[in-house]
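The following exercises ask the reader to work from the displayed sequence and structure. Each task is followed by a solution in steps.

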Amino acid sequence: MNKKNYIVNFFTYLFLIFFTVIALYPIINVFTISIRPGNKLLSTSLAIIPDGATFKQYAELFTNRPFMLWVWNSTIVSAVVTFTGVALASTAGYALSRFQFVGKQSSMLALLTTQMFPATMLLLPMYIMLIKLELINSYLGIIIVYSATALPFCVWQMKGYYDTIPFSLEESARIDGCTRWQAFYKIIFPLAAPALVITALFSFMTAWSEYIVAAQVLQDTQLYTLPLGLKSFESNMSTEWGLYAAASLVVSIPVVALFVILSKWLVSGLTLGSVKG
Amino acid sequence: MKITHYFFLLFLVTLTFWGCSKREAPEEIVIWHTMRPEETRQLQSQIDEFQKQNPGIKIIQLFKETEEMRSGFIVAAIGGQGPDLVYGPADQIGPFEEINIIKPLNTVFPKEFIDQFNQKALIYSKGRLLQIADKLGNHLTLVYNKKLVKVPPVTDKELIELGKKLTIDKNGDGRPDQYGLVWNYTEPYFFVPFLTGFGGWVLDSLNKPTLNTPEMIKGLNFIADLRDKYKIIPNEADYNVADALFKEGRAGMIINGDWSWSGYGESGIDYGITPLPFITESGKYCAPMISPKGYSININVKDDKLQKIRKFLEYVLSPDQQLATTLKTKTFPTAVALYNHPALLGDSVLQNSRRQIDLGIALPIVTEMRAIWDAMRPAYQAVLGGSITAPKAAEEMQKAAIVKIKELREDIYDPVGGLIVQILLFGSVAALIFYLRKTIVAFFKNLSKDKFAYALALPAIAIMFAVIFYPFAYNIVLSFSNMSLAHINDWTIVGFAQYLQVFKEPQLYTIFLKTLIWTFANIFFHVLIGVTLALLLNKKLPGTPVFRTLLILPWAVPQYIVALTWRGMFNYEYGSINLILTHFLSMSPIEWLKSPVEAFVAVIITNIWLGFPFMMIIALGGLQSIPQELYEAADIDGAKWFHKLKNITIPLIKPVMIPAITLGVIWTFNNLNVVWLVSNAGEPSDQTHILVSYVYKAAFNLYRYGYAAAFSVVLFLILLSFGLTFLRKTKATESVY
C-alpha cells in the first residue's frame, strides 16, 4: 500500500518476533535439559545442543514407562471436563447474560467467591467429602472437582462474550418463529465460538495439568493422569530431569494441537460483523 | 435439538462415566515412599519377586515427595484412609506419632525379628517401636573428583589449601572456571556439619533449641570465610548449581549425600568418598546428621491385612534383600549380619560411608526439628547475604526457634469464647435466612415462571456448590477452632483466638504490601502484553498463525519445569539473564536470587512470562466480537489509531476482559506455586513471600491448621472486598447493550 503501512508492519513483526523469542527461550532450555546426558537440571554452558546430546530419554518415556497410559487417562478426564465445561458454561453464561431472575447477581458473585479461598486449605475437607461419597480412586470424583474448578471462569467468560452480542438477534429469531432454546442454540451459540474456544481450552487445561487433587484422590497407578506420572520422575534431590523435561515437552503437544485446531473458531469464526445487528 | 434433549444427553454422559470410572477398592498393599529412582526400581524388582512367591498378595509402591508424603499421609490417615505402609527418613516419624497415625511395630513383630537390626535402625518413642529402617545414612560426606584430587583432605586446613589450588580462573575473566569446593551451602541441613564440627548442636536433651552459641557463630563465620576470604566456593550455589558444576568436572569436591553418589558415577566422574573434614580449632570432625530410612504401618490397617504386610516386611527387610539393595544403590544396610560381609568390606565407597556414619549424629525425630529448620534458614541466609553478622544471626535463630516451638506446641483452650462463637455462628446463619426469606420465597415463585433461565443456569451453579460448600463451611468452622498439633483429632471451637494471632503477626502488613505489588504487577503486564500481542495478531498479517501458536507455548508447557528453568536462568554466574546483561548490555551482573528485592522481581518476571499467553488468547477471542464496520466508519471519519483503540476496541473487549482480569487478580493473589518454585520456598530469608505462601509455610510446617484456616478466611475477605468493589466500578454484572 503505502510507505507508512510498511513501517507499521515492520514494527509489528519486530514486536512479535521479540516476544516469540522470549516465549521460546526458556522452553528451548527445557528441550536442552531433555537431550542432555547425565541428568542435570542446570549446566554452566549455554549451548542449546549439549555435548553428547541424546534422545534416549524420549525413547525411555515411550518404551519403559507407562507414559501412553497416562496420556490416555488424562485425555479421557480432560475430554469429559471440557465437554462438561462447555455445555454448562455456555448455557449458564447465556442465562446470566440475557435473563433477569431472582438470585442472578448473587449467583454470579458466588461463582467468583468460590475462587477466592486458598485452594490448599480446601483439600482436607474435600478429601473427607470424597471419601464419604466413595469417589476415591474414581475419575468421577476428579471430573466433578475439575469441572467445578473450571466453571466459574468459563461461566463469567461466556457471560461476558454474550453481553457483546446484540439482543436484536434473538428478537428477530423469535419473530421468525424460533423457540427461546432454538434462538440460543441456533443463533447465539455459534456466534459465541471464540468464547467457546476459550472455555474449552481453559477446561481442558484445568484437567490436563492439575496435580494436587489428583494426588490425593487417585491412588491406583492404573488410573494415573499425566501430572501424577510426571511427578513420579521427581524425587528429593535426585529427580530424573532429562525424563521430566522430555515428558513435559511431549505433554504440551496435545495442548498446542488443540489450540491449533480450535484457532479456526477463535480468530475467524462467524464474527458479528458478518451478521448485521 | 430441544433443551430437554440437551440435558438428557448431558445426563447420559455423566452416567456413563459414573459407570465406567468406578473401581472397587482392591485388596492390595499400598506403600508410599520417598525413595529416589534407582531405589524405587530396586524396590519394584523386590516386589515383583515377592508377588511371584506369594500369588495372593498384590503390592503397589508410590513415590511421594517428602512434604507431600507428610501432609498427604496426615490428611489421608485422618480421613481413615491412606497407604498401608509409609517409607521415609526417621524424622517424619515424630509428627506421625504425635498425631497417632502409625501402629507400634513391636506388637506386630516378634523380638527375634527385631533383634537382627542395628540399634540405630529401630526408632522407638515411649517404648513403642515406630519404624524399622532398612537403610542407614542419608548423610552428607565429602565427595571428590579423583582426576583433580589425588589425596583427599582430612582437616579444614588441608581442605582450604586444596580448595585454593583447585579454584582456577582459566580464561582470565576474573571469575573462576573451576572451584575447589561446591555444595548447597545455603540450606541449613548442609550447614549442620560445620556447626557440629565446632562442637555445637541444635537441641538440648529437653528439646530446647541451642542455636545462640559460640559454636554456631564460628560455624557461620567459617562458611562465610570459605566464600569471601579463601574464595574456594561459588558466590551463589543451590543444589542444582553445585550438582551441575561437579558433574561437569568443574569442581574438585562437593558435599553431598549418599543419594547423589551413583549419579556422579553415571556422569563419568571418577569419584571418591571421604569423611567431612576435621576442624583443627575444636579438635572435632564435622558430623553430618544421620537418619535411618524405613517402614512404618498406618494405624488404619485392619488385622487381616496386617499378616500380609508383616510377611512383606519380613521379606524386604531380610539380610539377603538388604544386601541386594546395598550393592545396587550403595546405601548402608541395617541387618547386623551383613556388617562383616566381604561385599561390604571390599567396597571403598561403602567403607568410607560407614566411617562417616560412625562420625555422624542422629537426626532428632522430635517434631521440634521442623521449627529448628524454619528458624535457622532466614538468619543463616541473611549472614550469607551479608545483611547481618554471625552473632546477630545466632541470636535471631534462637529467638525464632523459641517462638516457632511455642507456636508448634500451642494449645488454645477457651470454652467461653467457643460458646460465644458457636452462638454467633448459628445466630448469623439464622439471621441470614431471616433476612433472605423474601428472596427465597421469590426464588421459588420465580422458579416456575422463569423455568428456562433457571434450567440453563442452575446445573453449573449446582455443581459448583456441591463441590465447594462443604469444604468452605468446614474451613470457616476450623478458623474458630484450636486445630493444631496438640488437637488434630479432637479440636474444638475456641473463638476468635486464631484471628487475633493473624492480626498480631508482625510481618502481616509488609507481606500484604508485597502481595499487592505482586498481584498488580503481574496482572498489569499480563493484560498489557496479552492485549498488545492480540491486537497485533489480529491484524492477520502473513505468518500470524505461526506466531500465535508459538506464543501460547509458555501456557502449554508444565509449570514446574519451566519455573525451575527460570530459576536457573537467574543464576548469578551461569544464568543466561546475567550473561545477556553483562555481554550485550554492558551492565553489571545482578544477584537475582540472593537479594530480597531482586529475587522478588525474578519471581514476578517468571510469572509474567507464564501468564501473558492466556490473556492473549482471551483478548484475541474478545476482539472477534467487534464488528469491522465500526473501524471502517471510524476510518472514514479520519480517526487516529489511538482514538479507535480508546473508543472502539477497549470498550468492546471490556466485557470479555473484565472476568479474566477479576479472576486473574484472584488467582495471582493466591498463586502459591511460582513463588514457591522460583524463590525456593521464600528465599532469601523468607523475604519473597506473598500472603498465601507465607500462610502455607508458617502454618503447615508447624501443623497450625486452625491458624491457617483463619488466615485463609482473612485472605478470602480481602479478595471478596476487592471483587465487590471492582465489579461495582466496572459494572460487569450488567450487560453492555
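**Exercise 1.** Among contacts in chain A between residues at least 6 apart in sequence, what percentage join residues at least 24 apart?

*Solution.* The model is a predicted one, in which local features need pLDDT of at least 70 and side-chain atom pairs count only at pLDDT 80 or more, while totals for chains, interfaces and linings use all residues. Residues are numbered from 1 along each chain as its sequence is written, chains are lettered from A and ligands numbered from 1 in the order in which they are written, and side-chain values use heavy atoms, with hydrogens and water left out.

Step 1. A contact means heavy atoms within 4.5 Å.
Step 2. With the sequence separation set at at least 6, 74% of the contacts in chain A join residues at least 24 apart.

**Exercise 2.** State how many helices and strands chain A contains, and what share of its residues is buried.

*Solution.* Step 1. Helices (H or I, at least four residues) and strands (E, at least two) are DSSP runs, numbered from the N terminus.
Step 1. Chain A has 12 helices and zero strands.

**Exercise 3.** Determine the strand order of the open four-stranded sheet in chain B, and identify its edges.

*Solution.* Step 1. Two strands pair if DSSP finds at least two bridges between them.
Step 1. The order is β8-β9-β7-β10 (chain B), with mixed pairing.
Step 2. β8 (179-183) and β10 (271-274) of chain B each have a single partner strand, so one side of each lacks a neighbour in the sheet, and these two are the edges.
Step 3. On average, neighbouring strands of this sheet are turned by 25 degrees against each other, direction ignored; the axes behind such angles are lines fitted to C-alpha atoms.

**Exercise 4.** Which residues stand opposite Tyr144(B) in β9(B) and β10(B)?

*Solution.* Step 1. Strand β7 (residues 140-145) of chain B pairs with β9 (residues 251-257) of chain B in the antiparallel sense, over five bridges.
Step 1. In β9(B), Met253(B) lies opposite Tyr144(B).
Step 2. β7(B) and β10(B) also run antiparallel, joined by four bridges.
Step 3. Gly272(B) is the bridge partner of Tyr144(B) in β10(B).

**Exercise 5.** Are the residues on the two faces of β10(B) buried or exposed?

*Solution.* Step 1. In a regular strand, side chains alternate between the two faces of the sheet.
Step 1. Tyr271(B) and Ile273(B) on one side, and Gly272(B) and Thr274(B) on the other, are all buried.
Step 2. Both faces of β10(B) are therefore covered.

Note on methods
Axes are lines fitted to C-alpha atoms, for helices over the stretch in contact, and angles run from 0 to 180 degrees between N-to-C directions. Buried means under 20% relative accessible area, exposed over 50%, partly exposed in between (1.4 Å probe, protein chains only).
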